[in-house]
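Hi,

Here is the structure I promised to pass on.

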There are 2 protein chains.
Amino acid sequence: MDKQYPSLLLERAVNEFAKLPGIGSKTAMRLVLHLLQQDKTAVEAFGNAIIDLKNNVKYCKVCHNISDTDVCSICSNTKRDSSTVCIVQNIRDVMAIEATQQYQGLYHVLGGIISPMDGIGPKNLEIDSLIERVAQGDIKEVIFALSTTMEGDTTSFYISRRLKDYPVKLSVLARGVSVGDELEYTDEITLGRSILNRMPYVTN
Amino acid sequence: MDKQYPSLLLERAVNEFAKLPGIGSKTAMRLVLHLLQQDKTAVEAFGNAIIDLKNNVKYCKVCHNISDTDVCSICSNTKRDSSTVCIVQNIRDVMAIEATQQYQGLYHVLGGIISPMDGIGPKNLEIDSLIERVAQGDIKEVIFALSTTMEGDTTSFYISRRLKDYPVKLSVLARGVSVGDELEYTDEITLGRSILNRMPYVTN
């Protein structure tokens with residue numbers, strides 16, 4: 001038997017929440033009832049924040065990162081190294097790399113990775129715009145920072161082929177045992193690669 | 001270091017989601033980016049569903065359940081037994097009991113339980129309105145369906161004292177081993193009570 005909601009308005013709100021990934025109808029109900037207990041201005045702030053974001057958000061013309069301006073704060077920052085471009089799948093990856101404070105170059109957000117199973121081909125991604133950026137000649141190094149999955153590797157490979165006639169250095173994030181990880185719990189493929197790709201031991 | 005959001009609009013939306021119970025900033029980010037990928041009408045439907053609910057929701061004058069009308073569909077259903085009232089903490093409990101299809105009486109939603117630690121006393125709950133309903137004389141049985149916690153028991157006890165001069169039968173949900181549960185995994189208190197409150201064995 002379907003759940004009987006005592007109110008259609010409640011049902012609509014719960015159903016909207018339950019459309020979100022990872023939110024089932026019980027969690028949706030809990031979230032909606034929580035919001036209902038907040039005052040009117042707080043609920044309006046919540047609802048309008050997401051509507052405003054959708055209506056007013058921009059994507060950087062250069063790197064396709066989310067932005068409040070036509071060119072994002074990273075691309076327009078003259079202190080950053082505009083000769084290095086890091087290719088990522090989405091803006092969460094940009095935020096993750098930025099949080100490390102170890103990277104001073106620019107980004108290029110593909111908006112996904114090549115995944116024939118999901119119907120996503122090169123034309124659905126910001127690959128042509130990347131090639132154009134490289135063709136302008138200022139970029140010296142392109143760093144692939146995509147997931148180490150079949151799809152991620154395919155995408156890196158596809159892009160590397162498209163870039164092969166341009167004088168850019170291609171590099172990829174170092175793969176290996178995570179800092180702080182115990183060897184015995186590291187998966188075999190990672191451990192195997194970390195032996196093959198061993199690095200000089202440097203004492204500071 | 002605080003997370004740097006590439007857009008203030010994005011940051012605002014993520015922060016609003018992260019205020020919800022059980023939603024951390026990473027989940028909030030994932031939900032917001034999911035919504036951002038939906039089309040404009042879907043995002044507006046989401047935002048407006050919760051705003052409309054807050055602005056237009058009513059609470060039943062009789063039982064204080066959430067409702068689209070002044071008197072809810074349960075209280076105004078003449079087929080239901082208006083001589084029995086089940087006292088619950090919140091509307092989720094109403095929905096849970098309704099889903100069993102085993103109860104034909106009415107409800108009274110307290111809006112919480114007595115909890116001095118959280119500053120919730122009898123005056124913050126719909127207890128006076130319950131006494132008034134009983135005082136009208138049509139109610140013959142009041143069923144306590146509150147949580148079996150210190151607070152739930154305190155609330156049931158408080159209400160039972162307030163009702164002691166009215167000719168109503170007071171009852172409480174049966175407590176015992178859950179249907180389908182293995183005895184060895186049932187907690188001691190529940191198992192103990194289920195022995196003390198053992199019921200006649202009836203074959204159908």
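One term before anything else: by a nonpolar core I mean a set of buried Ala, Val, Leu, Ile, Met, Phe, Trp, Tyr and Cys residues joined through C-beta atoms within 7 Å. Buried stands for 20 or more other C-beta atoms within 10 Å of a residue's own, with C-beta atoms placed from the backbone.

Two notes on the source. This is a predicted model, where local features need pLDDT of at least 70 and side-chain atom pairs count only at pLDDT 80 or more, while totals for chains, interfaces and linings use all residues. Residues are numbered from 1 along each chain as its sequence is written, with chains lettered from A and ligands numbered from 1 in the order in which they are written.

Now the core. The largest one has 88 residues, and A:I87 and B:I87 touch the most other members. Leaving out residues up to four places away in sequence, B:I87 is in contact (C-beta atoms, placed from the backbone, within 7 Å) with B:H108, B:L110, B:L130, B:V142, B:I143, B:F144, B:A145, B:L146 and B:I159.

As for chain A overall, there are seven helices and six strands, counted as DSSP runs (H or I, at least four residues, for helices; E, at least two, for strands) and numbered from the N terminus. Their order along the sequence is α-α-α-β-β-β-α-β-α-β-α-β-α. The chain is more spread out than a compact globule, because its radius of gyration is 22 Å, well over the 17 Å from the globule rule for 204 residues. That radius is taken over C-alpha atoms, and the rule is 2.2 Å times the number of residues to the power 0.38. Buried residues account for 27% of the 204 in chain A.

The interface comes next. 49 residues of chain A contact 49 residues of chain B, and α3(A) gives the largest share of chain A's side, 14 residues.

How do α3(A) and α3(B) lie relative to each other? Their axes come within 9 Å and cross at roughly 175°; axes are lines fitted to C-alpha atoms, for helices over the stretch in contact, and angles run from 0 to 180 degrees between N-to-C directions. The two helices are therefore roughly antiparallel, a label for angles over 145 degrees. Among the α3(A) residues that meet α3(B) are A:F46, A:I50 and A:K54.

Cheers

Notes:
Contact = placed C-beta atoms within 7 Å. Buried ≥ 20, exposed ≤ 12 C-beta atoms within 10 Å, placed from the backbone. Parallel < 35°, antiparallel > 145°, perpendicular 65-115°, else oblique.
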